[in-house]
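User: I would like to learn how to read the features of a protein model step by step. Please give the general idea each time, and then the case at hand.

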Amino acid sequence: MSVFRFMLQNQRQVLELTLEHLWLVGLSTLLAALIGIPLGIVIAHRPGLNKPVLGGANIIQTIPSLALFGFLLPVPWLGARADRLAILALTLYALLPIIRNTYTGIRGVDPAVVEAGRGMGLTESQLLFRVELPLAVSVILSGVRVAVVISVGLATIAAAIGAGGLGEFIFRGLAMVDDRVILAGAIPAAILALGADLALGWLERRLRAR
């Protein structure tokens with residue numbers, strides 16, 4: 001039986017696991033953006049904080065995903081719910097590209113444009129929201145795009161701790177030595193990653209052109 005026939009026969013479960021996967025990726029990326037974009041703005045205006053913040057985010061990226069899940073598992077409130085643990089881990093992994101691109105985008109704004117804004121009497125907050133962020137938004141979105149693609153891949157590993165998602169098919173297929181079951185999880189995950197990359201890439205190009 002081909003993998004596509006298997007997916008059709010189990011389409012309800014494929015849909016449920018895909019929605020779980022989207023929930024894990026969507027919520028963790030949203031949390032990472034809510035944390036990472038303000039951090040990127042802060043270190044762009046206070047260069048002294050650049051190395052510790054980006055260094056900390058880099059260190060998190062070097063920790064293997066299963067090891068990070070293991071470190072977080074004994075934490076009382078997190079360990080009780082696998083989905084909470086997975087969302088926190090995915091959020092931590094998504095921080096680096098968002099912080100780095102926000103920092104790069106803000107720092108890449110032409111200083112002459114900022115000075116012109118100051119000359120027009122804009123306050124620092126007005127400069128941020130009316131000048132710097134609009135000019136940096138395509139670079140920031142590029143960081144979110146990278147974070148989403150990373151999260152789609154890493155979310156498959158979250159099934160190892162019972163957090164659900166398409167990784168359940170992959171781990172089940174590995175245990176059964178069944179390529180069909182493995183591909184039933186891997187193919188939708190790959191489609192999600194490609195779809196998110198294409199959609200956010202299109203939006204990024206539109207914003208850059210505008």
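User: In what order do the elements of the protein chain run from the N terminus on?

Analyst: This is a predicted model, in which local features need pLDDT of at least 70, side-chain atom pairs count only at pLDDT 80 or more, and totals for chains, interfaces and linings use all residues. Residues are numbered from 1 along each chain as its sequence is written, and side-chain values use heavy atoms, with hydrogens and water left out. Helices (H or I, at least four residues) and strands (E, at least two) are DSSP runs, numbered from the N terminus. Here the order is α-α-α-α-α-α-α-α-α-α, with ten helices and zero strands.

User: What does the C-alpha trace span along its principal axes, and what percentage of the residues is buried?

Analyst: The span is about 70 × 40 × 25 Å. A residue is buried under 20% relative accessible area, exposed over 50%, and partly exposed in between (1.4 Å probe, protein chains only). By that criterion, 43% of the 210 residues in the protein chain are buried.

User: Which residues of helix H4 are buried, and why are they on the same side?

Analyst: An α-helix has 3.6 residues a turn, so residues three or four places apart point the same way. In H4 (residues 65-72), the buried residues are Ser65, Leu68, Phe69 and Leu72. They lie on the same side of H4 because they cover an arc of only 100° around the axis, the arc being that of the directions from the helix axis to the C-beta atoms. On the other side of H4, Leu66 and Phe71 are exposed.

User: Is Ser28 buried or exposed, and which backbone oxygen does its side chain reach at 2.7 Å?

Analyst: Ser28 lies in helix H2 (residues 11-45) and counts as buried because its relative accessibility is 0%. A polar contact is a pair of N or O atoms within 3.5 Å; within protein, one must be able to donate a hydrogen and the other to accept it, and residues adjacent in sequence count only if both atoms are side-chain atoms. The side chain of Ser28 reaches the backbone oxygen of Leu24 at 2.7 Å, and a polar atom of that side chain lies 3.1 Å from the backbone oxygen of Val25. Apart from neighbours within four places in sequence, Ser28 is in contact with Ile87, Leu90, Thr91 and Ser151.

User: Which residues does Asn101 touch, not counting those up to four places away in sequence?

Analyst: Asn101, in helix H6, touches Val139, Ile140, Ser142 and Gly143 on that count. With a relative accessible area of 14%, Asn101 is buried.

User: Where does Arg81 lie, and how far apart in space are Arg81 and Ile161?

Analyst: Arg81 is in the loop between helix H5 (76-79) and helix H6 (82-107), and counts as partly exposed at 38% relative accessibility. Arg81 and Ile161 are 80 residues apart in sequence and 9.6 Å apart in space, C-alpha to C-alpha.

User: What is phi of Val177, and is this residue buried or exposed?

Analyst: Phi of Val177 is near 55°, a positive value in a residue other than glycine. Val177 is placed in the loop between helix H9 (167-176) and helix H10 (179-209), and is exposed, with a relative accessible area of 73%.

Note on methods
Contact = heavy atoms within 4.5 Å.
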